[in-house]
Amino acid sequence: MSQFTFKYIVLICTFLLSFTSYAADTRPNIVVILSDDSGYTDLGTFGGEIETPNLDQLANEGIRFSNFYSNARCSPTRATLLTGVDAAQVGFGGGVVGDWVRELPFKAHRGRLPYEQPLISELLSNNGYQTMMAGKWHLGGSYIKEHPKAMSPGWISSHSGMKLTQEEMDLDYLGLPPQRGFQKSFVFHGAQGNLFATPEDKHEYYEGNKRAKLKYDYNYNMRCYAGNAFSKKHYSACDGKSGKAFYATDGMTDRAIDMIKEASTEKEPFFMYVAYRAPHKPLQAPEELVQKYLKRYENLQSVADARHEGLVETGMFAKDVNTTNNNYMWTKQDKEKIDQYRLQAAVHAAMVEKVDENVGKLIQGLKDTGEYENTLILYFSDNGAASHIGDLMNIPYKGVKALLWEGGARTHAIANWPGVTKPGTITDNVVWVGDIVPTILEITDTTFPEKFRGETPRKPDGRSVMATLKGEKMAPPEVIFNNDKGQQSVVYQGRWKLLIEAGWYLQTLAKPGIAYELYDLDNDPGETNNLASQKPELVAKLTAMCDKWRIENEIVDYAEIIKIKPNDPY
Ligand SMILES: [Ca+2]
């Protein structure tokens, strides 16, 4: 090779190398949208009557999941969503005590994510992604070092009996989104609070580590339902007011769209987590929408029947399957109670319609910035509808949020990724919320680290479901475990499900002993035929597996937990 040729080749190689290093990062954006306590059949595209045209369209252009599992409660689902591991491994074994008052001395129920277990936001941030969050955190942390009143008498009194050391308080601070990989965040830290805020109201939103300046852009006629003394005291101040206000669902979306606009000007792709606070209690929505649904909810049984039939029509629930009759809330109560239930249902529906409207705005924001075509959008609810409304909204599934029958844990879910998800498809592959982290790692070419902050983190318990997104068939996970308050445990193996309940647990049996319910979910998704007495060997095998899991995960009996905080309202 002549010297000239060699120089020429070196020049070309240098040019190609420089071209590669300056080439745009073509990895997709990831947008995860969570609703809070929405029922399985709340969406039109899952057979419901609530107007959700934007989510319906997202589903029509993407894929719907009929067998998607959350962890049945807000914090446990969020903990697994962001880490990919069992919630008890990261301090959110079901039934943590209290709102944001945390730091309990139980590893599985501490109520704060361990600093040495990486979050997807941290892994992506370390691998060239822009990372952003708007919405509800509810994963521990409340101590804002930067806040002038971080140690105010109010803060201390709200942590009475906790006796936190300085180290625990520092870890509490390190549990907040800006310290956990979210480069930009507009966040409500707690579990619940008013969704409406007028300019005169105190609010609890943070932009990074600083108190946020809310925008009061819209006029509302505010309907704030209060069904008991607690919510009357805390959540009824806005009821009946009209005027400019911040409404969480609108305000979070507007901030999220701003962040998307900012991110779209940079060359790195982005990860955005939008966690709506609706339709979680308190039940608050614009009055016009509430009235619209109140008219539709004259006959609750016909709404329930239409949801069941609507889901059957989608093909996601077989026609002749037996279901549990969940209708006692409106058939065995007096007229006043039924009217109260109708009103709650109407506010819930109004809140869901507002979520849908805002998902539409988010999608438009992605389209306006040219990002939509290269974005994977995942939408799902963090758990089923709660006890005040779940009998209607989770139909045809049994049970409500927090309890581990299908209505509590199984949720509607949609994925849309132009060019990858096939429009209008439905998958019955079993997908667990813990599968999302491994899937994102695969999509973004991100390696799970052997060491993180000097420690060996727990590897994700979930698995990548990329094949499911592409419309391929996948076998169910080998096993899924869950637990609530140390009282109700569940183990799924294939499509077998064993539910183990302590009898004293007031929400379930209120009688001594331990009860076992074994269901074949392929043939009995309505959980009407308990096969436990017919298959004692399978019950024994699954019970042993579950016991082992409970011990390994250090699940504590709720009776032990409430000794520390006996007046806990949760
Ligand atoms: Ca929830």
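Which residues touch the most other members of the largest nonpolar core? In this predicted model, Met272, Val274 and Tyr379 do so, within a core of 144 residues. A nonpolar core here is a set of buried Ala, Val, Leu, Ile, Met, Phe, Trp, Tyr and Cys residues joined through C-beta atoms within 7 Å. Helix H12 (residues 335-368) supplies the largest share of this core, 13 residues. Valine 274 is in contact with Val31, Ile33, Ala134, Gly135, Met252, Ala256 and Leu362, leaving aside its neighbours within four places in sequence; contact means that the C-beta atoms of two residues, placed from the backbone, lie within 7 Å. In soluble globular proteins, nonpolar side chains tend to be buried together.

Residue numbers start from 1 along each chain as its sequence is written. Because the model is predicted, local features need pLDDT of at least 70 and side-chain atom pairs count only at pLDDT 80 or more, while totals for chains, interfaces and linings use all residues.

The protein as a whole has 18 helices and 19 strands, which are DSSP runs numbered from the N terminus (helices: H or I, at least four residues; strands: E, at least two). Of its 570 residues, 51% are buried. A residue counts as buried if 20 or more other C-beta atoms, placed from the backbone, lie within 10 Å of its own, as exposed if 12 or fewer do, and as partly exposed in between.

Four strands form an open antiparallel sheet in the order E16-E17-E18-E19, where two strands pair if DSSP finds at least two bridges between them. Strand E16 (480-484) and strand E19 (514-520) stand at the edges with a single partner strand each, so one side of each has no neighbour in the sheet. Neighbouring strands are turned by 10 degrees against each other on average, direction ignored; axes are lines fitted to C-alpha atoms, for helices over the stretch in contact, and angles run from 0 to 180 degrees between N-to-C directions. Helix H17 (residues 536-552) lies across E16, E17, strand E18 (496-502) and E19, at about 65 degrees to E18.

Five bridges join E16 to strand E17 (residues 488-493).
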